[in-house]
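Take a look at the model below.

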Amino acid sequence: MKTEVKAKVTMNCPDCETRCASFGKHRNGLRRFRCAECGKTYTEPHEKPLGEMTVPMEKAILALKMLLEGASIRSVERTVDIHRDTIMRLLVRAGEKCERIMAKHIRNVPVQDVECDEVWDYIGKKEKRVRSEDDQNLGDCYTFVAIERTSKLVLNVAMGKRDQQTTNAFIEGLRDAIAPGRFQITTDGFAPYKTSIPDTFGNRVDFAMLIKVYRAAPEGERRYSPAEVQSVEVVPVSGNPDPDRICTSIIERSNLSLRMGCRRFTRLTNAFSKKWENHWAAVSLWYTFYNFCRVHKSLRVTPAMAHEITDHVWSIAELLA
């Protein structure tokens, strides 16, 4: 078997153009060199995926992996031995990179069946405790998600209040993500969809709503037990939707994965987000990880691979590159 030998790294001094001699390693593992003429010391060229952050890449990847498996910030701090403020800066930087990845790769995606839903959470405090002088980003926060039914690919994510404005921005983002052509879309009974989807897609969409009516929960179980579905009503809104394809099961299962994998969405804990920017970073990181890194058990590949956007399972390091 042929063994590949790694090429020896050398460096010339920029000032006196003399070949530098090896001079140990930097604390991040990169080799250092010293010029025999002027005595200056240099480090081999390297990329900085974390910008000016000096946390080792191995620790950064481990911290992000733990966050994506449902660990809290302080749990990661105790386990990885990184300060919680550093973890938050790392999360925000990773979220910014993931937002760019989604914008770059989820474009002109051909689709047949799309499901949409909203996931409730809150930032800082519950909605009933928000005052007029508070930051109006506090309180209830809904994550709007659109997923392709066959490949399980998340097509678009938006975050905001559960109102017409956020719905319009979400559907316009969905239009930019998918390729031209006719498709079917299913949502829950949220009223703003009735105007936003037909206005954005016109006659190229077959649109139906799947409305669930819930039974009143017994006294004492409202906060801890899921509501029981009493009936389901299918309402065609526009086009000619196929009744056999009207479904929201895939997006609802995706919502469960979000709540299990992102600690900020866990109910009845103190792990909720305190800032809008941190919450958006966590959402961007999770759904990019879901699309490109997380192998779906029924597909046995990632959703991005199922849709032929990528040809391999991405690593966390690739998200940070």
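Is Asp81 buried or exposed? Asp81 counts as exposed, because its relative accessibility is 62%. Buried means under 20% relative accessible area, exposed means over 50%, and partly exposed lies in between, using a 1.4 Å probe and protein chains only.

This is a predicted model, where local features need pLDDT of at least 70, side-chain atom pairs count only at pLDDT 80 or more, and totals for chains, interfaces and linings use all residues. Residues are numbered from 1 along each chain as its sequence is written, and side-chain values use heavy atoms, with hydrogens and water left out.

## The whole chain

The protein chain has 9 helices and 9 strands. Helices (H or I, at least four residues) and strands (E, at least two) are DSSP runs, numbered from the N terminus. Along the principal axes, the C-alpha atoms fill a box of roughly 80 × 45 × 40 Å. The chain has 321 residues, and buried residues make up 45% of them. Now take the contacts between residues at least 6 apart in sequence: 56% of these join residues at least 24 apart. Contact means heavy atoms within 4.5 Å.

## Helix pairs

Two packed helices are described by the angle between their axes and the distance between the axes. Axes are lines fitted to C-alpha atoms, for helices over the stretch in contact, and angles run from 0 to 180 degrees between N-to-C directions.

| Helix pair | Axis distance | Angle |
|---|---|---|
| H1 (residues 57–68) and H2 | 10 Å | about 145 degrees |
| H4 (residues 164–177) and H5 (residues 193–201) | within 9 Å | roughly 30 degrees |
| H6 (residues 249–261) and H7 (residues 276–292) | within 11 Å | roughly 120 degrees |

Start with H1 and H2. H1 passes H2 in a right-handed crossing. A crossing is right-handed if the near helix is turned clockwise from the far one by less than a right angle, and left-handed if anticlockwise. On the H1 side, the meeting residues are Lys59, Leu62, Ala63, Met66 and Leu67, and H2 brings Ile73, Ser75, Val76, Thr79, Val80 and Asp81. By class, this contact of H1 with H2 has 7 nonpolar, 2 polar and 2 charged residues. Ala, Val, Leu, Ile, Met, Phe, Trp, Tyr, Cys and Pro count as nonpolar, Asp, Glu, Lys and Arg as charged, and the others, Gly among them, as polar.

Next come H4 and H5. Their crossing is right-handed. Residues of H4 that meet H5 include Phe170, Ile171 and Leu174, and their partners in H5 include Tyr193, Ile197 and Phe201. The residues of the contact of H4 with H5 divide into 6 nonpolar, 6 polar and 2 charged.

Thr200 belongs to H5. Thr200 counts as buried because its relative accessibility is 18%. Leaving out residues up to four places away in sequence, Thr200 touches Ile171, Glu172 and Arg175. Thr200 and Glu172 are 28 residues apart along the chain, yet their C-alpha atoms are separated by 6.6 Å.

How are H6 and H7 set to each other? They are oblique. Angles under 35 degrees count as roughly parallel, over 145 as roughly antiparallel, 65 to 115 as roughly perpendicular, and the rest as oblique. H6 passes H7 in a right-handed crossing. Ser254, Asn255, Ser257, Leu258 and Gly261 in H6 meet Trp286, Tyr287 and Tyr290 in H7. The contact of H6 with H7 has 4 nonpolar, 4 polar and no charged residues.

## Two buried aspartates

Asp206 sits in strand S8 (residues 205–214). Asp206 is buried, because its relative accessible area is 10%. A polar contact of 2.7 Å joins its side chain to that of Arg182. A polar contact is a pair of N or O atoms within 3.5 Å; within protein, one must be able to donate a hydrogen and the other to accept it, and residues adjacent in sequence count only if both atoms are side-chain atoms.

Asp113 lies in strand S4 (residues 113–123). Asp113 is buried, with a relative accessible area of 8%. Its side chain makes a polar contact of 2.9 Å with the side chain of Arg245.

Most residues other than glycine have a negative phi. Asp81, in helix H2 (residues 73–81), has a positive phi of about 65 degrees although it is not a glycine. Arg300 also has a positive phi of about 65 degrees. Arg300 is found in the loop between H7 and helix H8 (303–306). Arg300 is exposed, with a relative accessible area of 72%.
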